[in-house]
Amino acid sequence: MQASFMVVANWKMNGCRDRVTNLSHELITRCGFLNQPKIVLCPPYIYLERVQETLASSKISLGAQDLSCENNGAFTGNISGEMLVDVGVQYVIIGHSERRLNNAETNDIILKKLSIAQFQGMTSIFCIGENIVEKQLGNTFKAIDHQLKPVITLIKNDPSIKCIVAYEPVWSIGTGCSASVQDVERVNKYIKQIFNDLNYPIKIIYGGSVNEMNIEQFVAIKSLDGVIVGNASLSADKLINICMRVEKQTMNTLADIV
Ligand code: PGA
């Protein structure tokens, strides 16, 4: 567990105006001024501005779930990086497996998105992770090598890029079956080595069926800097519980160190 642990709430395509507003209000009231964890809320595009208004002077940050790979122009239905920044977005999820699968996102598209996020000054939360077949065939690192290519290209060109890697094994997303501590540690070690060789101080967060019952095991992983929470972040109680548990565990660890 690192000094600054992140909890990223990925609400995906869920909620309505009232639900999203209530969720962020409840979170701000109970966790909005905690030093730990660093909380990032990623509502659907259409509610970004509304959530941003509720965040006001709290310590919680706003994130988006995606961005267009184009800067502007005749791209009906797309949302540009510039627009996100315009409404206060600081973090953007890129390359989520649901987008890779449902929207046929390739490494070329992802590279463009990472470049735009960088240009706009946002921090990319760059998702990678093997699927179940790759895992069963022992090809986890091969899948990761392939998915990391765009970010490695960018870092070689511009080491000032702001990027966090989110290790989200596809088989663990929305299944209730999270990766084991050993799985996460093994993959983190592999990823850290790649970025060490580039001299880039990478932060790694984990996503896939994180909830209030298993959060503590992830906070205890030394090489892990945070979590992305999907399903469990749609319940104010669960999300608050997760954040409170992170806060408590972090404080205990700091007290032990002192
Ligand atoms: P989950 O989703 O927590 O529902 O598994 C995580 C994610 O997709 O980021």
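Is Ala104 buried or exposed? Ala104 is exposed, because its relative accessible area is 52% (buried means under 20% relative accessible area, exposed over 50%, and partly exposed in between, with a 1.4 Å probe and protein chains only).

This is a predicted model, in which local features need pLDDT of at least 70, side-chain atom pairs count only at pLDDT 80 or more, and totals for chains, interfaces and linings use all residues. Residues are numbered from 1 along each chain as its sequence is written, and side-chain values use heavy atoms, with hydrogens and water left out.

**The chain as a whole**

The chain has 10 helices and 8 strands (DSSP runs numbered from the N terminus: helices are H or I with at least four residues, strands are E with at least two). The chain is as compact as a globular protein of 258 residues, because its radius of gyration is 17 Å, close to the 18 Å of the globule rule (the radius is taken over C-alpha atoms, and the rule is 2.2 Å times the number of residues to the power 0.38). Of the 258 residues, 51% count as buried. Among contacts with a separation of 6 or more, 74% come from residues 24 or more positions apart (contact means heavy atoms within 4.5 Å).

Ala104 and Ser209 each have a positive phi although neither is a glycine.

**Pro37**

Pro37 sits in the loop between helix H1 (17-31) and strand E2 (38-42). The peptide bond that joins Gln36 and Pro37 is cis, with omega about -10°. With a relative accessible area of 3%, Pro37 is buried. Leaving aside residues up to four places away in sequence, Pro37 touches Phe5, Met6, Val7, Cys243, Val246 and Glu247. Lys59 is 22 residues from Pro37 in sequence, and their C-alpha atoms are 9.7 Å apart.

**Asn188**

Asn188 is part of helix H8 (residues 181-197). Asn188 counts as buried because its relative accessibility is 0%. Its side chain makes a polar contact of 3.0 Å with the side chain of Ser223 (a polar contact is a pair of N or O atoms within 3.5 Å; within protein, one must be able to donate a hydrogen and the other to accept it, and residues adjacent in sequence count only if both atoms are side-chain atoms). Apart from residues up to four places away in sequence, Asn188 touches Ile204, Ile221, Ser223 and Leu224.
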